[in-house]
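Please look through the structure shown below with its strands, cores and charged pairs in mind.

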Amino acid sequence: MDDWYQYFWITDESLVFLNACYSNEKLYNIVEFDLKNNKEMNAFDPFTNNKNLLTGNTPFTCSENNRLFYTQPFDMNVYELTKDSLTALYRLEFNTEFQLPENYKGMDFFELKQDLRYKNVVIDLNGATMVKNTLYVLYSPFCTELGIRHHITALNTKSGAMTTVRFGDELYEQFPFAHIGPLMFHKDCFVSYASASDALALDKAFPSDKNADGKLHEMDNPVIFFHKLKHF
């Protein structure tokens with residue numbers, strides 16, 4: 001590799017997408033690389049300055065039918081990425097108290113994040129996936145008097161119907177682990193995780209096939225949850 005990349009997505013035995021997150025000297029956010037032949041195949045999404053930005057969420061999501069969706073910091077577009085193209089499929093607008101500045105690409109990203117840290121504004125889309133005709137988008141704005149809250153918005157791309165769930169406000173009896181909050185999507189699920197002790201706090205008889213007694217122990221590894229999404 002001739003530069004620095006933050007995330008990657010393996011498409012098959014030889015090809016991988018590399019993501020720079022506005023932070024390398026090549027000045028392309030996405031590079032398609034052939035591992036077998038050790039050569040670059042394609043590059044998408046150029047930028048002008050190395051922003052030295054670190055993010056906590058992968059920009060890649062494997063959606064239904066193995067479509068690869070892509071999101072990036074400060075950008076309210078949902079993209080589809082293929083070997084030949086990067087295409088903006090949907091653009092979202094949020095009715096929040098504050099909005100991102102239109103000239104954000106020319107600003108210092110670290111300073112911009114600090115300035116918006118405690119303001120009610122959507123800074124990033126943390127992932128997107130499609131289930132039949134429904135687009136699901138994950139984002140985590142700061143909510144006044146509540147702090148950061150994970151949200152999932154579901155948008156029916158045919159009818160325009162939309163609904164949003166905000167996590168962390170209450171426990172759902174039917175889905176006791178959903179309040180932990182989603183980290184990402186994978187196909188038709190949102191994915192979250194909890195420490196073993198947090199899982200046991202909600203279910204003292206939480207099962208585990210790793211222990212002889214069939215139960216989760218407090219010092220076990222974290223638990224990964226897959227919550228299946230439904231189209232509407």
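**From a hairpin outward**

Phenylalanine 185 has phenylalanine 190, in strand S16, as its bridge partner. The model is a predicted one, in which local features need pLDDT of at least 70 and side-chain atom pairs count only at pLDDT 80 or more, while totals for chains, interfaces and linings use all residues. Residues are numbered from 1 along each chain as its sequence is written, and side-chain values use heavy atoms, with hydrogens and water left out.

Strands S15 and S16 pair in the antiparallel sense over three bridges, where pairing requires that DSSP finds at least two bridges between two strands, and where strands (E, at least two residues) and helices (H or I, at least four) are DSSP runs numbered from the N terminus. These two strands form a hairpin with two residues between them, and lysine 187 in the turn has a positive phi of about 55 degrees. On to the next strand: S16 and S17 pair in the antiparallel sense over six bridges, and the partner of serine 192 in S17 is phenylalanine 225. S16 is mostly covered, with five of its six residues buried; buried here means under 20% relative accessible area, exposed means over 50%, and partly exposed lies in between (1.4 Å probe, protein chains only).

The side chains of aspartate 188 and lysine 228 meet in a salt bridge at 2.3 Å, N to O, the term standing for a side-chain nitrogen of Lys or Arg within 4 Å of a carboxyl oxygen of Asp or Glu. Because aspartate 188 lies in the loop between S15 and S16 (189-194) whereas lysine 228 lies in S17 (residues 223-228), the pair ties together parts that are 40 residues apart in sequence. Aspartate 188 is partly exposed, with a relative accessible area of 22%, whereas lysine 228 counts as exposed at 61%.

A nonpolar surface patch is made up of Leu183, Met184, Tyr193, Ile224 and Phe226, which together have about 500 Å² of accessible area. Patches consist of residues with over 30% relative accessible area and no salt bridge, with like charges joined within 9 Å and nonpolar side chains (Val, Leu, Ile, Met, Phe, Trp, Tyr) within 5 Å; the areas come from the Shrake-Rupley method with a 1.4 Å probe, and for residues only the protein chains shown count as cover. Leucine 183, one of the patch members, lies in the loop between strand S14 (162-166) and strand S15 (184-186) and is partly exposed at 37%.

What lies on the inside? In soluble globular proteins, nonpolar side chains tend to be buried together. The largest nonpolar core has 24 residues, of which Phe74, Val78, Phe94, Leu125, Leu135 and Val137 touch the most other members; such a core is a set of buried Ala, Val, Leu, Ile, Met, Phe, Trp, Tyr and Cys residues joined through side-chain atoms within 4.5 Å. Helix H1 (109-116), strand S9 (127-131) and strand S10 (134-139) are the elements that give two or more residues to this core. Apart from it lies another core, of ten residues, among them Val131, Leu138, Ala178 and Phe185. Leucine 125 is in contact (heavy atoms within 4.5 Å) with residues including Asp75, Val78, Phe94, Val137 and Leu138, when residues up to four places away in sequence are not counted.

The salt bridges come to five by the rule already stated. In one of them, the side chains of arginine 67 and glutamate 80 meet at 2.9 Å, N to O. Arginine 67 is in the loop between strand S5 (60-62) and strand S6 (68-70) and glutamate 80 is in strand S7 (residues 77-81), so this pair ties together parts 13 residues apart in sequence. Arginine 67 counts as partly exposed at 28%, while glutamate 80 is buried at 18%. Another salt bridge joins the side chains of aspartate 115 and lysine 119 at 3.6 Å, N to O.

The loop between S5 and S6 also holds asparagine 65 and asparagine 66. Most residues other than glycine have a negative phi. Yet the phi of asparagine 65 is positive, near 60 degrees, and asparagine 66 likewise has a positive phi of about 60 degrees. Asparagine 65 is exposed at 68% relative accessible area, and asparagine 66 is exposed at 54%.
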